[in-house]
Amino acid sequence: MRGKAAQALGDGSKTPFPPSAGGRRAGRGEDVAGIRPLVAGNWKMNGLGDALAELGALRERLAKSPVPEADIMVCPPATLLSRARAALAGTTLTLGAQDCHPLPSGAHTGDISAEMLADAGAAAVIVGHSERRTDHGETDALVRAKAEAAHRAKLAAIICVGETEAQRGDGATLEVVRRQLEGSVPDKARAANTVIAYEPVWAIGTGLTPTPADVAEVHGFIRGELGRLLGSAEASRFRILYGGSVKPANASELLFVPDVNGALVGGASLKASDFYAILSAYSGRDAR
Ligand code: PEP
């Protein structure tokens with residue numbers, strides 16, 4: 001990540017993730033609209049202080065063999081944000097957080113606001129992850145309020161959508177995704193402050209993945225729906241990430257599918273070697 005995005009570490013920059021290549025020739029992984037890919041690692045509720053060693057290892061690998069083709073983000077638990085900021089200082093990696101409260105402050109014991117996450121060093125926050133939707137009964141309306149909170153705090157919102165196994169079995173995938181986008185994406189969302197992550201629930205943590213053709217269908221559909229909601233010019237600049245069991249072994253297959261502009265990576269982001277191997281797909285290197 002360069003320029004403004006690198007400066008976004010903790011400074012609440014207005015455009016944390018300029019998604020377009022800005023006139024450069026499209027690199028590997030950039031699509032015809034010149035959208036620069038983003039690969040974000042979602043650590044979920046994993047990692048104590050010693051996990052920061054993985055950030056050090058990732059930093060070292062990237063220093064030796066950079067992956068300039070993609071923006072790279074790590075989303076550790078909130079308890080590690082400040083220390084992760086220190087561990088990544090001087091690099092182009094950015095930090096993301098996982099979930100936020102819709103309000104900036106107040107009597108909400110145990111919750112964390114988007115402003116607090118920005119203050120701790122985050123440039124983005126994941127909202128609407130299926131684990132939040134399931135474990136905490138989060139509705140589309142709440143996800144949308146959280147995305148608006150992210151924008152208020154000058155964070156990018158990474159809004160997750162995706163169908164369950166039963167919904168896919170019923171042929172309802174596109175309908176579910178349409179409803180989630182309509183309910184969760186703020187009217188004022190822009191490509192510069194919002195990323196969509198398509199994460200089929202049945203693919204998360206299971207080792208299962210949709211076929212590239214299925215991924216292409218849903219991503220193309222998402223871009224079309226964003227066009228309907230926000231206008232096609234804006235939609236053409238949006239980053240749409242694929243998430244769900246992305247691993248070093250399948251990264252090359254999934255990351256170059258049309259309308260896939262990067263990945264949200266869970267389990268495989270916890271180990272620097274696996275995360276780096278996924279990133280390396282953009283450089284055409286096999287780092288497995
Ligand atoms: C996720 O939960 O965001 C995710 C993509 O998990 P995994 O890569 O482990 O399937």
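What follows is a chat about the fold, the core and the helix packing of this predicted model.

Me: Before we start, what kind of model is this, and how are residues numbered?
Reply: This is a predicted model, where local features need pLDDT of at least 70, side-chain atom pairs count only at pLDDT 80 or more, and totals for chains, interfaces and linings use all residues. Residues are numbered from 1 along each chain as its sequence is written.

Me: Great. How many helices and strands are there in the protein chain?
Reply: The protein chain has 12 helices and 8 strands. Helices (H or I, at least four residues) and strands (E, at least two) are DSSP runs, numbered from the N terminus.

Me: And how are the 8 strands arranged?
Reply: They close into a barrel in the order β1-β2-β3-β4-β5-β6-β7-β8, with parallel pairing. From one strand to the next, the twist averages 25°. Two strands pair if DSSP finds at least two bridges between them.

Me: Let's zoom in on β6. Which strands does it pair with?
Reply: Strand β5 (residues 156-161) pairs with β6 in the parallel sense over 5 bridges, and Ala157 stands opposite Thr194 in β6. β6 also pairs with strand β7 (residues 239-243), again in the parallel sense, over 4 bridges. There, Tyr198 has Tyr242 of β7 as its bridge partner.

Me: Is β6 (residues 194-198) buried or exposed?
Reply: Buried: 5 of its 5 residues are, so the strand is largely enclosed by the rest of the structure. Thr194, Ile196 and Tyr198 cover one side, and Val195 and Ala197 the other. Here, a residue is buried if 20 or more other C-beta atoms lie within 10 Å of its own, exposed if 12 or fewer, and partly exposed in between, with C-beta atoms placed from the backbone.

Me: What share of the protein chain counts as buried?
Reply: Of its 288 residues, 49% do.

Me: OK, the core. Which residues touch the most other members of the largest nonpolar core?
Reply: Val125, Ala150, Leu155, Ile158, Ile159 and Ile278, in a core of 79 residues. A nonpolar core is a set of buried Ala, Val, Leu, Ile, Met, Phe, Trp, Tyr and Cys residues joined through C-beta atoms within 7 Å.

Me: What is Ile158 in contact with, leaving aside neighbours within four places in sequence?
Reply: Its partners include Ala40, Gly96, Val125, Val195 and Leu264. Contact means that the C-beta atoms of two residues, placed from the backbone, lie within 7 Å.

Me: Switching to helices: how do α2 and α3 pack?
Reply: Helix α2 (residues 52-64) and helix α3 (residues 81-88) pack at an angle of about 25°, with their axes 10 Å apart. That makes α2 and α3 roughly parallel to each other. The contact is made by Leu52, Leu55, Gly56 and Arg59 of α2 and Arg83, Ala84, Ala87 and Leu88 of α3. Axes are lines fitted to C-alpha atoms, for helices over the stretch in contact, and angles run from 0 to 180 degrees between N-to-C directions. Angles under 35 degrees count as roughly parallel, over 145 as roughly antiparallel, 65 to 115 as roughly perpendicular and the rest as oblique.

Me: At what angle do α6 and α8 cross?
Reply: Helix α6 (residues 140-152) and helix α8 (residues 173-184) cross at roughly 45°, and their axes come within 7 Å. α6 and α8 are therefore oblique to each other.

Me: Last one: what do the buried residues of α12 pack against?
Reply: They pack against β1 (38-42), α2, β2 (71-75), α11 (251-255) and β8 (262-265). In helix α12 (residues 272-279), 7 of the 8 residues are buried, so the helix is largely enclosed by the rest of the structure.
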